Amino acid sequence: MGDITERKQAETKLKLVRALLDNSNDAIEVLDPVTLRFLDINATGCLALGYTREELLSMTIYDIDMAYSVAPQKVLAQLRESEHALFETIHRRKDGSTFPVEVNVVSVELDKPYLLAITRDITERKLLEAAQQDSARRLQRIIDFSVLLSSANEAIAQMENEADLLRSLCELAVHHAHLRLAWIGQPDSDGWFQMLAAGGLSGGDTYIRVRRTSRGTRTSRPVLARSKIGLQCVIHQKPSHEALGAACRSLRD
């Protein structure tokens with residue numbers, strides 16, 4: 001009678017442990033350390049991957065981990081050294097979609113060696129990090145523009161030589177806007193620009209095609225046109241200080 005009671009108590013404890021594991025917010029996986037085959041996985045893991053438990057028990061980590069199969073030795077080396085590894089990777093669901101995860105793996109020795117992996121979906125974390133990085137880049141661009149505008153205004157106020165002023169403005173644009181090339185040019189009657197000043201890398205050409213509007217006519221005011229090689233400051237008449245200031249301010253657009 002005592003043996004039956006103890007067995008029922010043991011079964012109750014096992015059910016409790018199973019319920020706790022299945023209701024965890026993280027996927028919990030037990031793996032064979034040699035084959036990396038799934039030996040057990042909780043309900044959260046099944047739900048996250050879109051497989052049934054029976055399907056996953058016939059699979060290995062290589063079937064759902066897109067990155068681990070490329071360089072498993074690094075993780076295995078960490079496990080051999082400290083019996084613990086923490087890394088980020090990409091998991092693939094049954095429907096083919098993917099999501100980023102953080103995996104915390106420990107080596108466990110019971111009747112034989114096992115790997116216990118706790119896997120956390122970090123999609124929201126990655127989205128937040130990307131948003132923060134984008135905000136930081138936007139803020140840096142605002143700061144860079146403010147410094148550029150201030151430096152350009154100072155150059156316009158202090159320099160009397162037009163050639164030096166134009167060259168200085170191009171150099172300021174390259175430095176503060178992080179461009180490979182900035183130039184100021186004046187169009188001729190054939191639709192080409194004669195370069196008046198440049199800063200940064202230069203391809204050696206002193207003429208380029210005039211930038212036209214959608215109606216085929218030249219724009220009527222100085223504009224700034226961005227390209228893969230840098231910033232183009234387009235001037236259609238002799239540049240005045242006011243026109244140059246307006247062109248620099250259009251960097252914000």
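User: Leaving aside neighbours within four places in sequence, which residues is Asp-32 in contact with?
Analyst: In this predicted model, Asp-32 contacts Arg-37 and Leu-39 once those neighbours are set aside.

User: Where is Asp-32 found?
Analyst: Asp-32 lies in the loop that runs between strand S1 (27-31) and strand S2 (38-41).

User: Which side chain of opposite charge is nearest to Asp-32, and how far away is it?
Analyst: That is Lys-112, 5.0 Å away. Asp-32 is buried and has no salt bridge, because a salt bridge requires the charged atoms to be within 4 Å. The side chain of Asp-32 does reach the backbone nitrogen of Thr-35, at 3.1 Å.

User: Turning to the largest nonpolar core, which residues touch the most other members?
Analyst: Among its 21 residues, these are Phe-38, Leu-49, Leu-56, Ile-64 and Val-105.

User: And which element gives the largest share of this core?
Analyst: Strand S4 (98-109) does, with 4 residues. Other elements giving two or more residues include helix H2 (43-49) and strand S5 (113-121).

User: What does Ile-64 touch, not counting residues up to four places away in sequence?
Analyst: Ile-64 touches Phe-38, Leu-49, Tyr-51, Leu-56, Met-59, Ile-90, His-91 and Arg-92.

User: What does the second, separate core include?
Analyst: That core has 14 residues, among them Ala-155, Leu-165, Ile-184 and Ala-197.

User: Which residues of H5 are buried?
Analyst: The buried residues of H5 are Asp-144, Phe-145, Leu-148, Leu-149, Ser-151, Ala-152, Ala-155 and Ile-156.

User: What span should helix H5 have?
Analyst: Helix H5 (residues 123-158) has 36 residues, so at 1.5 Å a residue it should span 52 Å. Its end C-alpha atoms are 52 Å apart, which agrees.

Terms used
Residues numbered from 1 in each chain as written. Predicted model: local features only at pLDDT ≥ 70, side-chain atom pairs only at ≥ 80, totals over all residues. Heavy atoms only, no water. Buried < 20%, exposed > 50% of the residue type's maximum accessible area, 1.4 Å probe, protein only. Lys, Arg positive; Asp, Glu negative; His and termini not counted. Polar contact = N/O pair within 3.5 Å; in protein donor to acceptor, adjacent residues only side chain to side chain. Contact = heavy atoms within 4.5 Å. Expected span 1.5 Å × (residues − 1). Core = buried A, V, L, I, M, F, W, Y, C linked by side-chain atoms within 4.5 Å.
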